[in-house]
Structure formats: structure tokens, C-alpha cells
Amino acid sequence: MFDANGFPHPTLISANSVELEVFEAGKESAGNPIVLCHGWPAHAFCWRYQLPALAAAGYHVIVPNQRGYGNSARPTDVAAYDLTHLTGDLVALLDHFGYDDAVFIGHDWGANVVWGMALLHPNRVSKLIALALPYQERGDTPWVELIEGFVGPDNYIVHFNRHPGVADAILDQNRQQFLRNLYRKNEQPQAPAPGMVMINLAEAEAATGQPLMTDAEFSVIDAAFEASGFAGSINWYRNLDRNWHLLADVDPIVPHPALMIYGDRDTIPKSPNLSAFVPNVEVVSLDTGHWIQEEKPEETTKTILDWLKQASKINGVGVS
């Protein structure tokens, strides 16, 4: 039985030839949809603070566990997790609910999928908000090769691709320790240790910083990954170069109204040229690490709602 601080119970929805576990709020506001997309290794539950506030503001809030996560489908084929499939799932969700378009909000890998929605399905996106991960310029070099050239073979994204199955097994074997060590806040900056950071976290007996979640909240994430394992979610990373090829002939400009929310203490770098690719973007930085909407829930929610209200007024649509 799913129960954590009143988070809604899910529905399994058939979409894009898979089943997705979807949480909803604000059904009475049908016609004003907003879709929240989690990152890695997360769960729809990461939006627990924003979901009720957005519903109260008059939105039909749709929060899927994306493929590979929770009780959503977990295909075994690595290519089933490329950007075509991930954005196709979201398009199919819109079709299921009868929506032409929606506001999309994504954190981390979810932000990458939301940027992908704007590129591959621009007519299905009205506005977008990205947390942590800015737009990624395609460039001339496939992304895994590019990352390896900059930071070397021990980078976790490179490792996921060059050593398939290795990290998956280690994270599965050390699930609770890995998740407890990863979901921290107020960590002091320190030089990275040798080796692959995610494996280091899985094997480290002592955590830094403070826990991000209460024990009850953590149990939701822990139970989800106990059931799913990590392979499906890691397969998202194993499609980075496939995604690079898929975007070869796609217009790289995102013209939609967009909000980019950074965490000032996040290790993900800010984009130096975001407005060149996203000309209608507003940028906000909050005093957080990577888990922006969970570390500073009130500030994040206010930032989102204020921007949505302003953007809606500019577009001539009033939102209560």
C-alpha cells in the first residue's frame, strides 16, 4: 500500500505500448495540464511538495514514473530507453488524457526528457521548466566520447556505457547504502575521490552532509528500487550517443517560454550559452545542491508558480 504524507495512489496507464505508473492531483482542473518528470535515480515521489501546490493553483498535475522506474514497464532492450521512446511515452500520456499540449517540468534526467519533448514534439509543449540540467548542445562529438575526453573513463556516465552491467549489479547489491549516501543535502565541497563516483557511494559506509528525507520518505524510494533494480534507469544513460544521432536533423532551437532553475551548490555546471538555444528562457538560481525541489521545496514551488503566472499572463491566459 502506497502511503507517504498523503501522496496520491497511482494508476497504471497503457501508453506507447508500455504501462506507466501515474500519480495525479487536481483532476477537477482538467484542461490545464502540467506534467512532472523525475530524474535519476528517483521516483514520481520527488515531486511530493510541488504536486499539491500546483493542484491548488488550478492545474491537472500528472506525475509518471517513467519507464524503468517504480511499477512502470521495464523493457530489457537498452534501445527502448532512447529519447524517442521516453518522449513518446509522454506524448502518449497527453493523448490518453485528451490534451493537445501541456506545461512540462523536469528535474535532472527528467529535464533532459523535457528538453527532448520541446525538440521532438514542439507542438505538444506549451511551456517548460527545467531543474538542475540545462539544455545540452548537441555539438560535433557524440556525448559519451565528449564526456570521456573532458573527464576521463572513470566518469559514471562513461562507465555506464563502457562497462554495461557492472554498476547495475553493485548498486543492486548495495541499494540502501547507495540511496542513503546519494540522497544528502548540505554537503561540504570536496575533491572527487579516485574511481567511479556512483560505485564509491554504493560502497561507502559513511555518508556526508544531512539526510534529504525522513525515514518514511526514504522507504518509498528504497522499496521502489528494491522492486525495479537499477538496470532500466541506467539504460537511459546508455542511449546518450543514440540520442545524439537521433537529434542530428532536428532544429536545435527551443522557442518555448522556459524557466531554468539551478542549484548554486549543484555539481552540474550552468550553461554559458543557454539563451542562444533557448531564447525565451528566464534563469533562477537557488541556494541548494542537486535535489532542488526537495531541498528547498517552498522556494522552488514559489519560483515555479510565480513564473507560470507571469508566463500565462504574457500569453493572455489567466491562471488562478
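## Basis and terms

Buried means under 20% relative accessible area, exposed means over 50%, and partly exposed lies in between (1.4 Å probe, protein chains only). Helices (H or I, at least four residues) and strands (E, at least two) are DSSP runs, numbered from the N terminus.

This is a predicted model, in which local features need pLDDT of at least 70 and side-chain atom pairs count only at pLDDT 80 or more, while totals for chains, interfaces and linings use all residues. Residues are numbered from 1 along each chain as its sequence is written, and side-chain values use heavy atoms, with hydrogens and water left out.

## Strands S5 and S6

Strand S6 covers residues 125-131, and six of its seven residues are buried, so this strand is largely enclosed by the rest of the structure. Strand S5 (residues 102-107) runs parallel to S6 and is joined to S6 by six bridges; two strands pair if DSSP finds at least two bridges between them. Within this pairing, valine 103 stands opposite lysine 127 of S6.

In a regular strand the side chains alternate between the two faces of the sheet.

## Asparagine 65 in strand S4

Asparagine 65 belongs to strand S4 (residues 60-65). Its relative accessible area is 0%, so asparagine 65 is buried.

The side chain of asparagine 65 makes a polar contact of 3.1 Å with the side chain of histidine 43. A polar contact is a pair of N or O atoms within 3.5 Å; within protein, one must be able to donate a hydrogen and the other to accept it, and residues adjacent in sequence count only if both atoms are side-chain atoms. Leaving out residues up to four places away in sequence, asparagine 65 touches Leu20, Glu21, Phe23, His38, His43, Ala44, Gly70 and Ser72, where contact means heavy atoms within 4.5 Å.

## Backbone features in loops

A cis peptide bond links tryptophan 40 to proline 41, with omega about -15°. Proline 41 sits in the loop between strand S3 (33-37) and helix H1 (50-56).

Serine 17 is a residue other than glycine with a positive phi, near 70°. It lies in the loop between strand S1 (11-15) and strand S2 (18-25), and with a relative accessible area of 81% serine 17 is exposed. Asparagine 186 also has a positive phi, near 55°. The loop that holds asparagine 186 runs between strand S7 (184-185) and helix H8 (197-203); at 37% relative accessibility, asparagine 186 counts as partly exposed.

## Helices H6 and H10

In helix H6 (residues 166-173), the buried residues include Ala167, Asp168, Ile170 and Leu171. The cover over the buried residues of H6 includes helix H5 (156-162), helix H7 (175-182), H8 and H10.

Helix H10 (residues 231-234) contains alanine 231, which is partly exposed at 34% relative accessibility. Apart from its neighbours within four places in sequence, alanine 231 is in contact with Asp168 and Arg238. Alanine 231 is 45 residues from asparagine 186 in sequence and 29 Å from it in space, C-alpha to C-alpha.

## A nonpolar surface patch

Leu146, Phe150 and Val151 make a nonpolar surface patch of about 330 Å². Patches are made of residues with over 30% relative accessible area and no salt bridge, like charges being joined within 9 Å and nonpolar side chains (Val, Leu, Ile, Met, Phe, Trp, Tyr) within 5 Å. A salt bridge is a side-chain nitrogen of Lys or Arg within 4 Å of a carboxyl oxygen of Asp or Glu. Accessible areas come from the Shrake-Rupley method with a 1.4 Å probe; for residues, only the protein chains shown count as cover.

Leucine 146 is found in helix H4 (residues 143-151) and counts as partly exposed, at 34% relative accessibility.
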